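Hi everyone, thanks for coming. Please have the viewer open so that you can follow along with me.

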Amino acid sequence: MATENLDKQKTIDLRKKHVGPSCKVFFSHDPIKIVRARGQYMYNEKDEKYLDCINNVAHVGHCHPDVVEAGAKQMELLNTNSRFLHDNLVLYAQRLQATLPEKLSVCYFVNSGSEANDLALRLAWQYTGHKDIITLENAYHGHVSSLIDISPYKFQQMACAEPSQHVHVALSPDIYRGKYCEDHPDPAIAYAENVKDIIEQAHKKGRKIAAFIAESLQSCGGQVIPPVGYFQKVAQHVRNAGGIFIADEVQVGFGRVGTHFWGFQLQGEDFVPDIVTMGKPIGNGHPMSCVITTREVAESFMSSGMEYFNTFGGNPVSCAIGLAVLDVIEKEDLQGNALHIGGYLTRLLYDLKKRHLLVGDVRGRGLFIGLDLVRNRDKRTPATAEAQDVIYRSEQFKPPMCFSREDAELVVEKIDQILTGTSGNSKLSLMGSHSSWQFPQKHWHTTS
């Protein structure tokens, strides 16, 4: 091998010396050194086994043999940029488009979710001729400068940062802890009216809306499931103002929600975004992503006179891997697995809620599930201190799609032990993550 196997402390020391200090590791008090993985399991340098409850990147399972083989075979043959004709690019674009509504027909391949969302903003700015963006409370869309500006989850952590004058923050459509809850007669309309109000206020200041952007289900923002009809109403208000709708599927796409291939489809067949961005699970760990939009938006982007080129986006190896991921999802019915195992896990968590008053809410779709901890269920008081007590434990789930019933049972067993104050002696540990728990200023990474 090209690299030696280092002592764990040596790895830590070298990381501290050579890697930027803001690049944090999971479980920083005692970092886990992972040396190999397979399916939904990861192994440290002592060959101790972890059940991966966080990895929405290794979508079809770590090191899936079909995906590894597809990438290796194409790498042996050719890898080059997309200025050359190659079948993998067009076949993958055709295959990916077939999962989406017909109007979403033009693909731009890039290398990360951040690149995809940044390009989506450029498309919106060019197509509309407007500049302003509406985003949601607690939203996170990526790490490049343009996306930090539209990610309250990030920019609100910066003590001296001032929000961009081009960015407007709408209420998160959270029917558990938000302004309009499940007892409201129509929370979808109420939350959409907030977007309409923002547009009207922007117009009064002479500003114009280019786009509304939202994750189809908010992840870092607290596993928020928008009420059905919300996106339709928002899209109506935004399009009436000359803007377009961007659906960020970077974390929730590719069958994770179970009933549908894309999260935005939970809103109903009558809703189609103008742009969809995707990443993370698209390559099962291989760095690739995609923006898909309408022919009208794409032609407008071309009319700017600036050629768009991405050196690695859509290269033959990436597209071979992307095709293999789609094959595995279909062959192993992983969307169906997400529906059935996710439903089973959700039922187990509801049973857990009956035993622990600390659990205020269980929410999610498919294998996109979260718990909300509260001190008082009636008042829904955030259980901040109690949550600190379960830090480095498991509380949100976006695992590989090959999760099993036994995995679900182990997850709930471990959470039950955590909430009752016991640790258990299982040799199999859980690796989970909490991105916000409704408190986007906190980062919790968990194990048990």
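Let's start at a turn: strands β12 and β13 form a hairpin with four residues between them, and R380 in that turn has a positive phi of about 55°. A quick word on those names: helices (H or I, at least four residues) and strands (E, at least two) are DSSP runs, numbered from the N terminus. Two strands count as a pair if DSSP finds at least two bridges between them.

Before going on, a note on what we are looking at. This is a predicted model, where local features need pLDDT of at least 70 and side-chain atom pairs count only at pLDDT 80 or more, while totals for chains, interfaces and linings use all residues. Residues are numbered from 1 along each chain as its sequence is written, and side-chain values use heavy atoms, with hydrogens and water left out.

β12 and β13 (residues 381-382) pair in the antiparallel sense over two bridges, with N376 opposite T381. On its other partner, β12 is joined to strand β11 (residues 359-365) by six bridges, again antiparallel. There, V362 stands opposite L371. β11 and β12 also form a hairpin, with two residues between them, and G366 in the turn has a positive phi of about 60°.

How many of the nine residues of β12 are buried? Seven are, so this strand (residues 368-376) is mostly covered, where buried means under 20% relative accessible area, exposed means over 50%, and partly exposed is in between (1.4 Å probe, protein chains only).

Now find a further hairpin, the one of β1 and β2. Strand β1 (residues 34-38) and strand β2 (residues 41-44) run antiparallel and are joined by four bridges. A37 has M42 in β2 as its bridge partner. Two residues lie between these strands, and G39 takes a positive phi near 60°.

Take C63, where phi is near 50°. C63 sits in the loop between β3 (49-52) and α2 (65-77). Then there is Q223, with a phi near 55°, in the loop between β7 (209-215) and α8 (230-240). Which of these is covered? C63 is partly exposed, because its relative accessible area is 40%, whereas Q223 counts as buried because its relative accessibility is 1%.

Strand β8 (residues 244-248) runs parallel to β9, joined by three bridges, and I246 has I275 as its bridge partner.

Two single residues are worth a stop. Leaving aside neighbours within four places in sequence, E215 is in contact (heavy atoms within 4.5 Å) with residues including Y140, H141 and D248. E215 and E249 are 34 residues apart along the chain, yet their C-alpha atoms are separated by 6.0 Å.

H166 lies in the loop between α6 (152-155) and β6 (167-170). H166 counts as partly exposed, because its relative accessibility is 24%. Beyond its neighbours within four places in sequence, H166 is in contact with K131, D132, I133 and R207. H166 and Q232 are 66 residues apart in sequence and 23 Å apart in space, C-alpha to C-alpha.

Finally, let's zoom out. The chain has 13 helices and 16 strands, and its C-alpha trace spans about 60 × 60 × 45 Å along the principal axes. Of the 448 residues, 55% are buried. Among contacts between residues at least 6 apart in sequence, 72% join residues at least 24 apart.
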